[in-house]
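Subject: Handover of a structure for your review

Dear colleague,

Please find below the sequence and the structure that I am passing on to you. My notes on what was found follow directly after them.

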Amino acid sequence: MGWVGRLFDTRDTLARMLLLDLSGVGYLVFGTQAGRSPTALQWFLATVAFAVALVLHRRPLANLLVQAALLAVAVPVLDDTTINQVGASWALLEVAMRAPRPRTIWLAAGLLVTVDLTDSIGDPFGRVLAGAFGLLVEVGVPLLLGLVIRTTREVTRQAEQRAAEEQRRRESESRAARADERTAIARELHDVVAHHVASMVLRVGVARHVLTDLPPQVGAVFDDVHGTGTAALADLRRLVAVLRDPDGVRGDAALTAIEPAALPAALGAAIDRARQAGVTVEADIDPAVGSLDAVRGLAVLRLTQEALTNVAKHAGTSALARLSVAVVDGAVRWEVSDNGRGRVPAAVPAGGGHGVTGMRERVDVLGGHLEAGPTGEGWRVRTLLPAAVTAPTASPLSPAVTPAALTPRAGETSAGPHAPEPA
């Protein structure tokens, strides 16, 4: 039914009428009875029927009324009424396909039957029966074909509606399942991970105050672990809040807010942390990053933290890393590359993490595209974050992060770009 549906599409009525008219002209020129050319009146009625079919191709009922009137005129005055009969029958077909109410279809069919039977008035009974049989072709066939096409369209429309409803139902169930999963993850984060982190932070703080005769280097390590743990707890609280109410923030669950003025200092802290780990970092940061909106600012910071951590884990602590952050026409061009010449620690697993996946998801949320892959002997990861249409605001569930709270986490675990993980 594919080509039939296309042939009788409601948008192609003009093409159908044009083909019908061309067929009528061909019949008048080549298909009339042998030795009998069409009369002037036959040409006139045919021409009027052709023109009406074209002009009223979008008004099937009006076209049927005019075609039936032309047939009523042609029946008593013409010997060959084929053109007008075909025009009226085709008009009935269009009405059967497109009439808004079934009542209109049956009234139109009754009108055409009445006009056709006028030719049998006063004829013998046998000829009346022959005329009635001819109605099966002139009225029954177009009526039946039109109703079949009409029913097929209705069935197709209902099937599409059911498919759309089923799709909406599956999406609703999927959203409900994701909401349940988020709630379960939030519960585990709160009841297990956050409690353990809080316990470790508490123990480090107690140890720092009890052990007063520690060397300055060891004390600095204790202070750093305590600060990192405190920042991790703050991030966990925000993440739990977002997981429990994802509609409370705009964008991805990991996209909490950051004060624009805090971004340069936070990027500097991330660079310092990588240098303390032994990585040589060359940074080229556009001062305009301080004017970025909160969401893209935090995205730049998290990407930088993740990429520099990956350099230390996979390229080695003696590698050379280059960080470039530029703001061009409101868009952010961010790139981190390394020379890959460092010593890879033996304790680093060879893949299986979610570092690149998390970075890519964060970038996708902002409408960008993350590129990660080898370049020469090293590795490069870069992206372009499009300019924001409106500056997102921090929600009550994700308060602005201070520079201290945004201190990079040296123990952050994720597989970096040097160990591509499976999808």
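This is a predicted model: local features need pLDDT of at least 70, side-chain atom pairs count only at pLDDT 80 or more; totals for chains, interfaces and linings use all residues.

Two packed helices are described by the angle between their axes and the distance between the axes. Helix H4 (residues 60-77) packs with helix H6 (residues 102-117) at an angle of about 10°, and their axes are 9 Å apart. H4 and H6 are therefore roughly parallel to each other. On the H4 side, the contact is made by Leu61, Leu64, Leu65, Ala68, Leu71 and Ala72. H6 contributes Thr104, Ala108, Leu111, Leu112, Val115 and Asp116. Sorted by class, the residues in this contact of H4 with H6 are 10 nonpolar, 1 polar and 1 charged.

As for the chain as a whole, it has 11 helices and 5 strands. Of its 423 residues, 39% are buried. Among contacts between residues at least 6 apart in sequence, 75% join residues at least 24 apart.

I turn next to the charged pairs. Side chains of opposite charge can pair when their charged atoms come close. The count comes to 9 salt bridges, and three of these are described here.

The side chains of arginine 98 and glutamate 94 form a salt bridge, with 3.3 Å from N to O. An α-helix has 3.6 residues a turn, so residues three or four places apart point the same way. Arginine 98 and glutamate 94 are 4 residues apart in helix H5 (residues 82-98), which means that about one helical turn separates them. The two partners may be set side by side by their accessibility: arginine 98 is partly exposed, at a relative accessible area of 22%, whereas glutamate 94 is buried, at 1%.

Arginine 322 and glutamate 282 meet through their side chains in a salt bridge of 3.4 Å, N to O. Because arginine 322 lies in strand E2 (residues 320-328) and glutamate 282 in strand E1 (residues 280-285), the pair ties together parts that are 40 residues apart in sequence. Both partners are partly exposed: the relative accessible area is 39% for arginine 322 and 42% for glutamate 282. Salt bridges with shared partners also join Glu166, Arg169, Arg170 and Glu173 into one network.

Strand E2 also holds valine 327. Valine 327 counts as buried, at 19% relative accessibility. Leaving aside residues up to four places away in sequence, valine 327 touches Asp286, Ala288, Val289 and Leu292. From valine 327 to alanine 288 the C-alpha to C-alpha distance is 6.2 Å, although the two are 39 residues apart in sequence.

Aspartate 329 lies in the loop between E2 and E3. Its phi is near 55°, a positive value in a residue other than glycine. Aspartate 329 counts as exposed, at 77% relative accessibility.

Which residues of helix H11 (residues 355-365) are buried? They are Gly355, Val356, Met359, Arg362 and Val363. Seen down the axis of H11, these buried residues fall within an arc of 130°, so they line one face of the helix. Among the elements that cover them are helix H10 (294-315), strand E3 (331-338), strand E4 (370-375) and strand E5 (378-385). Just after H11, glycine 367 has a positive phi of about 85°.

With kind regards

Notes. Residues are numbered from 1 along each chain as its sequence is written. Side-chain values use heavy atoms; hydrogens and water are left out. A salt bridge is a side-chain nitrogen of Lys or Arg within 4 Å of a carboxyl oxygen of Asp or Glu. Helices (H or I, at least four residues) and strands (E, at least two) are DSSP runs, numbered from the N terminus. Buried means under 20% relative accessible area, exposed over 50%, partly exposed in between (1.4 Å probe, protein chains only). The arc is that of the directions from the helix axis to the C-beta atoms. Contact means heavy atoms within 4.5 Å. Axes are lines fitted to C-alpha atoms, for helices over the stretch in contact, and angles run from 0 to 180 degrees between N-to-C directions. Angles under 35 degrees count as roughly parallel, over 145 as roughly antiparallel, 65 to 115 as roughly perpendicular and the rest as oblique. Ala, Val, Leu, Ile, Met, Phe, Trp, Tyr, Cys and Pro count as nonpolar, Asp, Glu, Lys and Arg as charged, and the others, Gly among them, as polar.
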